[in-house]
Amino acid sequence: MHNRLVELTGALTTAILISAAGLVSVSGQVKSAVPRAVDGHPDLTGMYDLAMLTPLERPAGLPAVLSDAEAAKLEKAIADQEARARAPIRGDREAPPKGGDGSIGPAGNVGGYNTFWLDRGTHYSTVNGQKRSAIVIDPPDGKVPALTPEARQRAARFIAARPTSDAGESNRDPGLEPPGSYDDPERRPLGERCLLGFGSTSGPPILPNYFYNNLHQIVQTPQYVMILTEMVHDARIVRMNAEHLPPTIRKWIGDSVGHWEGDTLVVDTTNFTDQTRFRGATENMHVVERFTRVDTRSLTYRFTIEDPATWPRPWTGEYTWPITDEKLYEYACHEANYALGGILSGARQRDAEAKAAGK
């Protein structure tokens with residue numbers, strides 16, 4: 001009798017401990033230790049930091065999955081590079097050459113942010129215990145499929161007319177190449193105009209910007225899911241179990257509707273505007289995102305993009321969103337921002353100087 005009582009007491013204690021850890025469902029079946037919302041679905045609510053070293057496409061010579069030693073070597077090399085770039089700048093240094101030094105990057109041209117202000121990440125993204133060398137997982141070579149002939153022709157026509165949604169802040173001076181990039185405000189990058197975050201950080205698909213302001217916040221209710229991007233303060237509202245808007249209604253970041261497939265939130269986005277053109281895509285681009293909470297501190301984010309007028313086949317990317325305890329502060333993009341007017345005024349001054357010189 002004593003042994004039976006001990007067994008029952010032990011079993012009850014184990015059941016209490018497991019239940020307290022959130023591992024037992026109402027039916028008694030074991031489930032993963034992820035937080036749950038009041039409706040029983042995984043709770044994705046939280047703040048996520050997307051700073052990481054894993055690029056969108058796989059660099060030449062690297063395997064799809066890095067060994068711990070390979071990842072540590074690459075991470076150390078970048079950390080050493082960052083340490084050198086963060087070294088104090090000499091106060092008696094020479095001024096940069098007139099017109100800038102021609103370098104690519106936020107500190108290039110005539111000056112800009114130094115490395116102290118940047119937050120490009122320190123580690124490669126780990127998915128299912130594997131350190132990934134690229135976000136793209138399909139095609140298997142880790143590369144975005146080549147553009148179709150139609151897309152290449154389209155890009156050549158529009159390259160100077162409309163900026164893409166994934167343009168960076170630190171590209172080489174576009175006033176020199178291609179011509180016309182400073183002719184009017186609409187030709188300036190969307191991030192520079194505080195319309196969308198740089199580098200498709202607003203999404204969809206949501207990508208790291210490898211720059212700064214890497215936070216994304218998810219707020220979840222049974223009817224809506226809100227995804228807030230720190231960079232340029234974009235907020236995307238996902239309408240749950242809804243129908244897409246009519247094709248005549250177009251949005252900067254598309255029309256997103258969601259539903260649950262088991263424990264995965266699936267977000268289907270269409271109805272893009274032709275003013276965003278992610279990587280040169282058309283307004284008919286179709287993006288399917290999958291958010292899967294894998295534990296209490298992270299979720300897996302996977303996306304598939306389809307646009308037959310741009311790529312000959314769909315392609316898929318995947319990486320991990322780690323939860324952070326950092327706070328998200330206001331990104332007052334246009335507060336006291338006189339840059340755009342100054343940029344265009346400078347371009348007109350350059351035009352006048354070129355005309356006076358007979359160029």
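This note goes through the predicted model point by point, from the overall fold to single residues.

1. Basis. Residues are numbered from 1 along each chain as its sequence is written, and side-chain values use heavy atoms, with hydrogens and water left out. The model is predicted, and local features need pLDDT of at least 70, side-chain atom pairs count only at pLDDT 80 or more, while totals for chains, interfaces and linings use all residues.

2. Overall content. Of its 359 residues, 39% count as buried, where buried means under 20% relative accessible area, exposed means over 50%, and partly exposed lies in between (1.4 Å probe, protein chains only). The protein exposes about 19800 Å², and carbon and sulfur atoms supply 56% of that area. Accessible areas come from the Shrake-Rupley method with a 1.4 Å probe, and for residues only the protein chains shown count as cover. Among contacts in the protein with a separation of 6 or more, 62% are between residues 24 or more positions apart; a contact means heavy atoms within 4.5 Å.

3. Strand E10 (residues 264–270) pairs with strand E11 (residues 286–295) in the antiparallel sense over six bridges; two strands pair if DSSP finds at least two bridges between them. Val267 has Glu289 in E11 as its bridge partner. E11 is also joined to strand E12 (residues 298–306), again antiparallel, by nine bridges. Thr292 stands opposite Thr300 in E12. Two residues separate E11 and E12, which form a hairpin.

4. Largest nonpolar core. A nonpolar core is a set of buried Ala, Val, Leu, Ile, Met, Phe, Trp, Tyr and Cys residues joined through side-chain atoms within 4.5 Å. The largest one holds 33 residues, and Ile218, Phe291, Trp315 and Trp321 touch the most other members. Two or more residues each come from strand E7 (224–229), strand E8 (235–240), E10, E11, E12 and strand E13 (315–322). E12 gives the largest share, four residues. As background, nonpolar side chains in soluble globular proteins tend to be buried together.

5. Leaving aside neighbours within four places in sequence, Phe291 is in contact with residues including Leu44, Ile218, Ile227, Val267, Leu299, Tyr301 and Trp321. Another core, of nine residues, lies apart from the largest one; among its members are Phe198, Phe211, Val232 and Tyr331.

6. Disulfide. The structure holds one disulfide, defined as a pair of cysteine sulfur atoms within 2.5 Å. Cys194 is joined to Cys333, with an S to S distance of 1.9 Å. The torsion about the S-S bond is about -80°, so the disulfide is left-handed. The pair links distant parts of the chain, 139 residues apart: Cys194 is in the loop between helix H3 (149–158) and strand E6 (215–220), and Cys333 is in the loop between E13 and helix H4 (339–356). Both ends are buried, Cys194 at 11% relative accessibility and Cys333 at 16%.

7. Arg154. This residue is in helix H3. Arg154 counts as buried because its relative accessibility is 10%. Its side chain reaches the backbone oxygen of Ala309 at 3.3 Å. A polar contact is a pair of N or O atoms within 3.5 Å; within protein, one must be able to donate a hydrogen and the other to accept it, and residues adjacent in sequence count only if both atoms are side-chain atoms. Not counting residues up to four places away in sequence, Arg154 touches Gly280, Ala281, Thr282, Ala309 and Thr310.

8. Sheet E2-E4-E3. Three strands form an open, antiparallel sheet in this order. Strand E2 (65–66) and strand E3 (126–127) stand at the edges, each with a single partner strand, so one side of each has no neighbour in the sheet. E3 and E4 pair over two bridges, and Thr126 has Lys131 in E4 as its bridge partner.

9. Ser133. The residue is found in the loop between strand E4 (130–132) and strand E5 (136–138). Ser133 is buried, with a relative accessible area of 1%. A polar atom of its side chain lies 2.5 Å from the backbone oxygen of Pro63. Beyond four places in sequence, Ser133 touches residues including Thr54, Glu57, Arg58, Leu62, Pro63, Leu66 and Tyr124.
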